[in-house]
Amino acid sequence: MADVEKEPYFEHVIHDLIGFIGDDRIVAHNYAYEYNTLRREFERAARPTYSRERFRCTMALAKRAGLLGKLRHACAQAGISIDHLREEHDALNDALLAAHLFLKLTPAERS
C-alpha cells in the first residue's frame, strides 16, 4: 500500500484517462474484473462509464486459442517472452503483456 500512498485519487486523473483512451478499444486480461473496477470508479466520480462492448478480453481470446488462462502462462505458450519479469505482480508489465497477447491473437483485427 505504501507504494501508492502519494498517488492521486481516481477523480483527479479521470480526465487524463478519458483523453488517453479516446474512442479506442480497451484491452484487458480478465476484462470482467477491469470493467467492474472502472465502472465503480466512474460511478464514484459521477461520470458515465465505458460500455462492455468497448472491452476485449485477452483471457477469453487465449482460452479460445487453447492457451492457459493465466496471463503469464498464456504469453509463454504464445511465444511472448516473460523471462525478464520479476515474480511479483506488476501492473505495467501485465498491461504490456496483455497488449502483446492481444496483438498476437488478433492479427486480422489490425489489418
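Colleague: Why is Thr106 called buried?

Modeller: Its relative accessible area is 5%. Buried means under 20%, exposed over 50% and partly exposed in between (1.4 Å probe, protein chains only), so Thr106 is buried. This is a predicted model, in which local features need pLDDT of at least 70 and side-chain atom pairs pLDDT 80 or more, while totals for chains, interfaces and linings use all residues. Residues are numbered from 1 along each chain, and side-chain values use heavy atoms, without hydrogens and water.

Colleague: Where does Thr106 lie?

Modeller: Thr106 is in the loop between helix H5 (91-105) and helix H6 (107-110). Helices here are DSSP runs of H or I with at least four residues, and strands are runs of E with at least two, numbered from the N terminus.

Colleague: Which residues does Thr106 touch, leaving aside neighbours within four places in sequence?

Modeller: Arg56 and Leu61; contact means heavy atoms within 4.5 Å. The side chain of Thr106 also reaches the backbone oxygen of Phe102, at 2.5 Å.

Colleague: What makes H1 roughly perpendicular to H2?

Modeller: The axes of H1 (residues 10-21) and H2 (residues 31-44) come within 10 Å and cross at roughly 115 degrees. Angles of 65 to 115 degrees count as roughly perpendicular, under 35 as roughly parallel, over 145 as roughly antiparallel and the rest as oblique, so H1 is roughly perpendicular to H2.

Colleague: Which residues meet there?

Modeller: Phe10, Ile14, Leu17 and Ile18 in H1 meet Leu38, Glu41 and Phe42 in H2.

Colleague: How many residues in the protein are buried?

Modeller: Buried residues are 27% of the 111.

Note on methods:
Axes are lines fitted to C-alpha atoms, for helices over the stretch in contact, and angles run from 0 to 180 degrees between N-to-C directions. A polar contact is a pair of N or O atoms within 3.5 Å; within protein, one must be able to donate a hydrogen and the other to accept it, and residues adjacent in sequence count only if both atoms are side-chain atoms.
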